Structure formats: structure tokens, C-alpha cells
Amino acid sequence: MEPANAVQPRFVLHVGIGATKMEALILEPSLYTVKAILILDNDGDRLFAKYYDDTYPTVKEQKAFEKNIFSKTHRTDSEIALLEGLTVVYKSSIDLYFYVIGSSYENELMLMAVLNCLFDSLSQMLRKNVEKRGLLENMEGLFLAVDEIVDGGVILESDPQQVLHRVAVRVSEPYLTFSFLTACPVGRSFLTHWLTG
């Protein structure tokens, strides 16, 4: 008999195939919902990637993971996939593929809220023209939007209007109006080349 003040686990994930002697894994609730946000082009090449944990610690592992995700998802019409023990929600637009990745036990609706917020924010920033060229020309806005939506894997905002408002406020601050990226086309091309590999 357990004591009256014993803490009961909130979530139990039953481990099946390939389990050793462990029958259940007790998971504590966590705010760290998002493991990664990715944007790939129609060839599966990275345009933007932000990983929030060390599931894939090296760039080589990250790019192999991104190629695997792209190969499994780019020809399907579904929005959710379970790959490599992770929950992947995704959406495509013209020549871009947007991915939000969480743990296998993560709530798909929460991940989809992040994906929709990111897509809708970018759609409004790019005046409904969400395509590779427009995205590459507005990488600063993408970085700011992602930072407003997720910080360290914790979801901060899911309302695209709030994200746009915060991005507009940050861009209009005096020290951000004349940045390296807007002052020098070489800086923008350097950053774009560095991010895409």
C-alpha cells in the first residue's frame, strides 16, 4: 500500500517492440515541447534549421536527419509523421517545406499550433507569397519570428498577430534599423550561404 501523499505519475508511455526489461517509462510533464524547427527547399536542402536539444548534435547528423524526413514526407498529403522516434508535423508551400519536430509522446496539436503560427506569420510578412526567394530575402524576419514563437524548445506564442507585432517592434528599434544584413549585400549572401551549408 502506498502512502496517502505519494505522487502519482502523470504520463505513462508503454514501451513495446525492442524493449529490454523496462515495461513502462514514467514521463514528467515538461515545457520543452519542440525539438527542432526546419525549413527545407523542394530539393530537401536546408534553408533554416534550429535544433533545441542534442538529439542530433553534429551538422552531419542533422543533415542526414533532414534528408530522411524530406524523403519520407515530400510526396505525401498528410500533416503528421512518426520518424526515428520523433513526432513530425509539416506543411508545404510552393517550393518550401516547413517542419516542427517533437518527441514521440508530444501532443501533435501543440506542434501543429507552432507550425501554423510560423507559417501564418511568414505568410503575412511575405505578403502571402511564401516561397524560397522571398524567404531568403527576409531571413531576418524569419529569425525574429522563430525566436518569438519558441525559445529553447519552450512554446512562447501561437498567435501570428502577436508574433508580427513583436517582430515589428524589434525591427523598428534604432539599433536594429541599420544591421549588417541590410547594410551590406555581401553580408546577406554570406549568411545565406553559411545557413544552407
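Which strands does helix 2 lie across? I put this to the predicted model and found that helix 2 lies across strand 3, strand 5, strand 6 (86-93) and strand 7. Its direction is at about 25 degrees to strand 6.

Five of them form an open sheet in the order 4-3-7-6-5, and the pairing is antiparallel. Strand 4 and strand 5 (80-83) stand at the edges with a single partner strand each, so one side of each has no neighbour in the sheet. On average, neighbouring strands of this sheet are turned by 20 degrees against each other, direction ignored. I noted a general point: strands of a sheet pair through backbone hydrogen bonds.

**Entry on one pairing.** I looked up strand 3 and strand 7, which run antiparallel and are joined by seven bridges. Leucine 38 has tyrosine 99 in strand 7 as its bridge partner.

**Entry on helix 4.** I found that helix 4 lies across strand 3 and strand 4, and runs at about 25 degrees to strand 4.

**Entry on the cores.** I then examined the largest nonpolar core, which has 31 residues. Ile37, Ile39, Phe98, Leu135 and Leu142 touch the most other members. Among the elements that each supply at least two residues of this core are strand 3 (34-41), strand 7 (96-103) and helix 4 (139-149). Helix 2 gives the largest share, eight residues. Another core, of 16 residues, lies apart from this one and includes Tyr56, Phe65, Ala81 and Leu83.

**Entry on phenylalanine 98.** Leaving out residues up to four places away in sequence, I recorded the contacts of phenylalanine 98, including Leu38, Ile39, Tyr90, Leu115, Phe119 and Val130.

Key: Residues numbered from 1 in each chain as written. Predicted model: local features only at pLDDT ≥ 70, side-chain atom pairs only at ≥ 80, totals over all residues. Heavy atoms only, no water. Core = buried A, V, L, I, M, F, W, Y, C linked by side-chain atoms within 4.5 Å. Buried < 20%, exposed > 50% of the residue type's maximum accessible area, 1.4 Å probe, protein only. Helix = DSSP H or I, 4+ residues; strand = E, 2+ residues; numbered from the N terminus. Contact = heavy atoms within 4.5 Å. Pairing = 2+ DSSP bridges. Axes fitted to C-alpha atoms, helices over the stretch in contact; angles between N-to-C directions.
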